[in-house]
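Student: I have a model open and would like to talk through how its features get their labels. Could you take me through it?

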Amino acid sequence: MAAAEPDSPLYLGLDFSTQQLKAVAVDGDLGPVHQDSVQFDSELPEFRTQGGVHIHPDGLTVTSPVLMWVKALDLLLDRMKAAGFGFSRVRALSGSGQQHGAVFWRTGAARTLTQLDPGQNLHQQLTDSFSVQDSPVWMDSSTGPQCDALQEAAGGAMRLADITGSRAYERFTGNQISKVRQTRPDQFQDTERISLVSSFGASLFLGRYAAIDYSDGSGMNLLDIRDRMWSQLCLDATAANLERLLGEPCPSTAVLGPVSSFLQHRYGFSGSCSVVAFTGDNPASLAGMCLHQGDIAVSLGTSDTLFLSLSEPRPSLEGHVFCSPVEPDGFMALLCFKNGSLTRERVRDRCCSGSWDVFSQALDRTPLGNHGNIGFYFDTMEITPPAVGLHRFDANDRQVSSWSPELEVRALVEGQFLSRRLHAERLGYSIGSGTRVLATGGASANRQILQVLSDVFNAPVYTIDLSDSACLGSAYRALHGLVADSGVSFLDQLRNAPEPQQVCRPHRSAPQVYDLMLRRFAELEQKVLEKSRI
Ligand SMILES: Nc1ncnc2c1ncn2[C@@H]1O[C@H](COP(=O)(O)OP(=O)(O)OP(=O)(O)O)[C@@H](O)[C@H]1O
Ligand SMILES: [Mg+2]
């Protein structure tokens, strides 16, 4: 990390992600000068989460305790203070949150937020501030009936996608709000504000409710992504007077105000430190990787996501279009795959004695194309495509029940990336000679996994130094937020950011192997989908 002048300005980025809360600070030269994180499962064991969440007995409902996120922020800031972090030098901060998650603030919470006592931590003071203690998160798939109702009200799935950028998805916040309204009417009645995880994080820094930004707001099935306003049709179909509970949405580059007096007094933030709107972790990642037109980003976090910049929205029944987090009139496309790192961990534990090294060796020791074996690994109901279960096929497309550990590891990773490529191409993405694949997220630390990614996509893979681009992107967005109003573009402001480094090049034989395999994969996926429907 770069040494910084003692009084030079800093820009702070936070990321409220599925499994941890992370922070990174960069200086004016965009070099990271401080990094920290709090792991929910191991450092806040009293909340008894696994992978940061609670999976309910129905197997569909997935939530996280909202107070865990509050307590994690106390812990993170206390730890940074103890390490001598220069809070007073922070000129601006921003952040990101796992997308789609909803926070329900209890009536009276706005007042509590403005009256926080610097002598006590946030967790003590906000204990009674939430009407729903268990926030629904992106892994939830329990709102099928609410999705059907919304699509019917909108005039069909495609019509809803045209308005909001996506057909109805179970995890999208509007459908989660409908479910809470229907199944917990008392708690819903006692709610004065609904935030996304991102705007909830911003509210903790502002000391008042923060607006939902256009980009993360696009993951709710409620925002008209072209007009950048709530869609009245979708609001009405979700809950009465919902606009009041959500507040006005804002541009993702908006400066929301100064950091709260609570944080100034408790940690020594300056009164002139600006809070820039928080956004979703995927939009923030796009900022952190300084994605250019033509690049495709692959985030290998708890979920795997693929995203790219778009100038024109072309919503379809698969994937999502969001407002861009960095360009005032731009858009981004995104695909989400639920069975990402946690599935890789399960196979690592079963086939590789829990060791990533053994997992990586298995990839090194097996050939491209895995002798024609193709696997689908959907431990839980997948989002893209909506299928479930484990399905293994040999070179003759015959279903088999098991493979050697090494074949299993390669089948898993190849299957995951074939699926990522197939669905990206269906979204209109074409992999050409100049294509850069930018990898981020926890698993992007694994070079062998990235080699398979490079081979399957037949494109070079690049990474940035920090595996958490959402956090870094938040620090960059904080810096850009200060000048965005004067018309300076994000990429211009960030032109001195460290360039992503190439880490893998595709093997010469890769196109021959995977172009063919992709066609078989598409046919087999169709079979698997039909089986999942039975
Ligand atoms: N060497 C490695 N090889 C493969 N995977 C790894 C390695 N190190 C970490 N991971 C994976 O990284 C995952 C965590 O990634 P990350 O920190 O990006 O998740 P997150 O930000 O909490 O999730 P999300 O962005 O989906 O909300 C772990 O679940 C782990 O499986
Ligand atoms: Mg993440």
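**Labels and the values behind them**

Tutor: Gladly! One aromatic cluster is made up of Phe16, Trp69, Trp105, Phe130, Phe200 and Tyr209. Keep in mind that this is a predicted model.

Student: How many aromatic pairs does the rule give?

Tutor: The count comes to 16 aromatic pairs. Among them is the pair of Phe376 and Phe378.

Student: Why is the pair of Phe376 and Phe378 called tilted?

Tutor: A pair of aromatic rings is described by the distance of the centres and the angle of the planes. For Phe376 and Phe378 the centres are 6.3 Å apart, and the limit for pairing is 6.5 Å. Their planes stand at 50 degrees; stacked needs under 30 and edge-to-face over 60, so the pair is tilted. Phe376 and Phe378 are both buried, too.

Student: What makes Arg348 sit over the ring of Trp356?

Tutor: The charged end of Arg348 is 4.6 Å from the centre of the Trp356 ring, and the distance cut-off is within 6 Å.

Student: Now the helices. Why are H14 and H19 called roughly perpendicular?

Tutor: The axes of H14 (residues 281-288) and H19 (residues 469-484) cross at roughly 70 degrees. The label covers 65 to 115 degrees, and therefore H14 and H19 are roughly perpendicular to each other. Their axes come within 7 Å.

Student: Which residues of H14 and H19 meet?

Tutor: Asp281, Ala284, Ser285, Ala287 and Gly288 from H14 meet Ser469, Ala470, Leu472, Gly473, Ser474, Tyr476 and Arg477 from H19. By class, the residues of this contact are five nonpolar, five polar and two charged.

Student: How do you know that H14 is mostly covered?

Tutor: Buried means under 20% relative accessible area, and eight of the eight residues of H14 are buried. Including Pro283 and Leu286, the buried residues also take in Asp281 and Asn282. After H14 comes Cys290, with a positive phi near 45 degrees.

Student: And what makes H17 roughly perpendicular to H21?

Tutor: The axes of H17 (residues 405-426) and H21 (residues 510-533) cross at roughly 85 degrees and come within 10 Å. That angle makes H17 roughly perpendicular to H21, as the range runs from 65 to 115. Residues of the H17 and H21 contact divide into seven nonpolar, three polar and seven charged. Among the residues that meet are Arg410, Glu414 and Leu418 in H17, and Tyr514, Asp515 and Phe521 in H21.

Technical notes
Residues numbered from 1 in each chain as written. Chains lettered and ligands numbered in written order. Predicted model: local features only at pLDDT ≥ 70, side-chain atom pairs only at ≥ 80, totals over all residues. Heavy atoms only, no water. Axes fitted to C-alpha atoms, helices over the stretch in contact; angles between N-to-C directions. Helix = DSSP H or I, 4+ residues; strand = E, 2+ residues; numbered from the N terminus. Parallel < 35°, antiparallel > 145°, perpendicular 65-115°, else oblique. Contact = heavy atoms within 4.5 Å. Nonpolar A, V, L, I, M, F, W, Y, C, P; charged D, E, K, R; others polar. Phe/Tyr/Trp six-rings, centres within 6.5 Å; stacked < 30°, edge-to-face > 60°. Buried < 20%, exposed > 50% of the residue type's maximum accessible area, 1.4 Å probe, protein only. Lys NZ or Arg CZ within 6 Å of the ring centre and 35° of its normal.
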